[in-house]
Every structure is written in C-alpha cells, then in structure tokens.
Amino acid sequence: MSPHAALRPQPTPLPTPTAAPTRAPARPTAAAALHSISAVTAVLLGLVAIGAMIHEPVLIPPLAASAALVHSAPTLPLAQPRGVIVGHLVGAAVGYAVLAAAGSSAWAAAVAAGVTLALNMVARTPHSPAVATAVIIVLQAPAPDRFVPLLFGSTVLLVLTGFAASRVRRGAPRYPAYWW
C-alpha cells in the first residue's frame, strides 16, 4: 500500500436497510389491554352522551376508529394530534363541499373519501378515520353548525385523553410522539 493511499478518502459504506418485521407485534399485557379498553370506552361513552344530547350520533364510527389508533398505536403517524384534529376537519370540509356540489349518494361519498385521503396526504395529516367523517357527512347530511364544533371538540378530547392516559400507566408509550 502506498503512503498516499492512507490519505485518500475511503468510501462510506451504505447503510443497510432495516428489515421489515416478519411477525405481528407482541401481545399487550393484560394491564395494557385493560388500560386501553378503559380509556377508549370512557371517552366514547362521553362522546355518545354529548352526541345524544344534541342529537348527533353519527360521530361515533370515525371517532371510535380514531380512539382505537390513539390508545392502541400511540406512536404511529396516523394517531398524532395533527392528523386526528386537522384530518377530521379536512374530512368535514370535503364532505360538506361534495354534499353541496353533488348531493347525497354513495357515488358522492366515494368521491369525498378519495378527495379527503388525497388532501390529508398533501397536508401531511394522515388519519384514515377522517375519510369516514367525509363519507358520513355526504350520506347523513348532519347540520354543520352543530356537527363541526362537536367534531372539533371531540377530536381535541381524544387527543387530551390519549395524552393523559399515556402518563397514567407506567411503561406506556408516550402520546403524542409529536404535537404538530
């Protein structure tokens, strides 16, 4: 080896790609499962009570899915506050826009779902349950003056209960992984 060879920059090895998991995640402990079930059930019962008082029960399907993500997969991008809150608001805006433009039909609901997904991807607010919000708006036509504030308040409540619940149980993953 020449004396100049040691002075030449050596090529940097390329990082090895991390292998995708080959198995399903580990089963949660009984305490972790009970904790998640309790938190999700409590927040959804509260939302059902509020929805029943103002006659807006249509929020439950997308919010149940959101609660499941926040409480069972708190580190995923789909569960983060930005996606939960803004994602549902984007879904609501798209749902009402499609409802106004095309009326209430399964065809219009499918368009609203696709547009919501696309806009949430562009806005970096991934949240699959928000697609259901757009679909419900197109199919059920809830009154926006009651539905949108309830939707906003409910998503904030979901985020706050996820935050609180992640700090109650020792060893639980901290929620959120990022706020915005």
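**View 1. The largest nonpolar core has 17 residues.** The model shown is predicted: local features need pLDDT of at least 70, side-chain atom pairs count only at pLDDT 80 or more, and totals for chains, interfaces and linings use all residues. Residues are numbered from 1 along each chain as its sequence is written, and side-chain values use heavy atoms, with hydrogens and water left out. A nonpolar core is a set of buried Ala, Val, Leu, Ile, Met, Phe, Trp, Tyr and Cys residues joined through side-chain atoms within 4.5 Å. Buried means under 20% relative accessible area, exposed over 50%, and partly exposed in between, with a 1.4 Å probe and protein chains only. Start with the residues that have the most contacts inside this core: Leu 44, Leu 59, Leu 63, Ala 67, Ile 137, Phe 147 and Leu 151. Two or more core residues come from each of α1, α2, α3 (81–102), α5 (129–140) and α6. A second, separate core has eight residues, among them Val 98, Ala 108, Ala 109 and Ala 134.

**View 2. Six helices and zero strands make up the secondary structure of the protein chain.** Helices (H or I, at least four residues) and strands (E, at least two) are DSSP runs, numbered from the N terminus. Read from that end, the elements run α-α-α-α-α-α. Of the 180 residues in the protein chain, 38% are buried. Contact means heavy atoms within 4.5 Å. Among contacts in the chain with a separation of 6 or more, 75% are between residues 24 or more positions apart. The chain exposes about 10600 Å², and carbon and sulfur atoms supply 72% of that area; accessible areas come from the Shrake-Rupley method with a 1.4 Å probe, and for residues only the protein chains shown count as cover.

**View 3. Helix α1 spans residues 30–53.** Its 24 residues reach 34 Å from the first C-alpha to the last, close to the 34 Å expected at 1.5 Å a residue; the expected span is 1.5 Å times one less than the number of residues. Which residues of α1 are buried? They are Ala 32, His 35, Ser 36, Ala 39, Val 40, Val 43, Leu 44, Leu 47 and Gly 51. An α-helix has 3.6 residues a turn, so residues three or four places apart point the same way. The cover over the buried residues of α1 includes α2 (60–72) and α6 (144–168).

View 4. Ser 66 sits in helix α2. Is Ser 66 buried or exposed? Ser 66 counts as buried because its relative accessibility is 0%.

**View 5. His 55 and Pro 142 come from loops 87 residues apart in sequence.** From C-alpha to C-alpha, the two residues are 9.7 Å apart in space. His 55, in the loop between α1 and α2, takes a positive phi of about 60° just after α1. His 55 is exposed because its relative accessible area is 60%. Pro 142 lies in the loop between α5 and α6 and counts as buried, at 7% relative accessibility. Not counting residues up to four places away in sequence, Pro 142 touches Glu 56, Val 58, Tyr 96, Ile 136, Ile 137 and Phe 147.

**View 6. Backbone details at Ala 141, Arg 124 and Pro 176.** Ala 141 is in the loop between α5 and α6. Its phi is near 50°, a positive value in a residue other than glycine, and Ala 141 counts as partly exposed at 43% relative accessibility. Arg 124, in the loop between α4 and α5, has a positive phi of about 60° although it is not a glycine. Arg 124 is exposed, with a relative accessible area of 59%. In the segment after α6 you will find Pro 176, joined to Tyr 175 by a cis peptide bond with omega of about -5°.

**View 7. Val 111, Val 115 and Leu 119 form a nonpolar patch on the surface.** Together they have about 220 Å² of accessible area. Patches are made of residues with over 30% relative accessible area and no salt bridge, with like charges joined within 9 Å and nonpolar side chains (Val, Leu, Ile, Met, Phe, Trp, Tyr) within 5 Å. A salt bridge is a side-chain nitrogen of Lys or Arg within 4 Å of a carboxyl oxygen of Asp or Glu. Leu 119 belongs to helix α4 (residues 106–122) and is partly exposed, with a relative accessible area of 41%.
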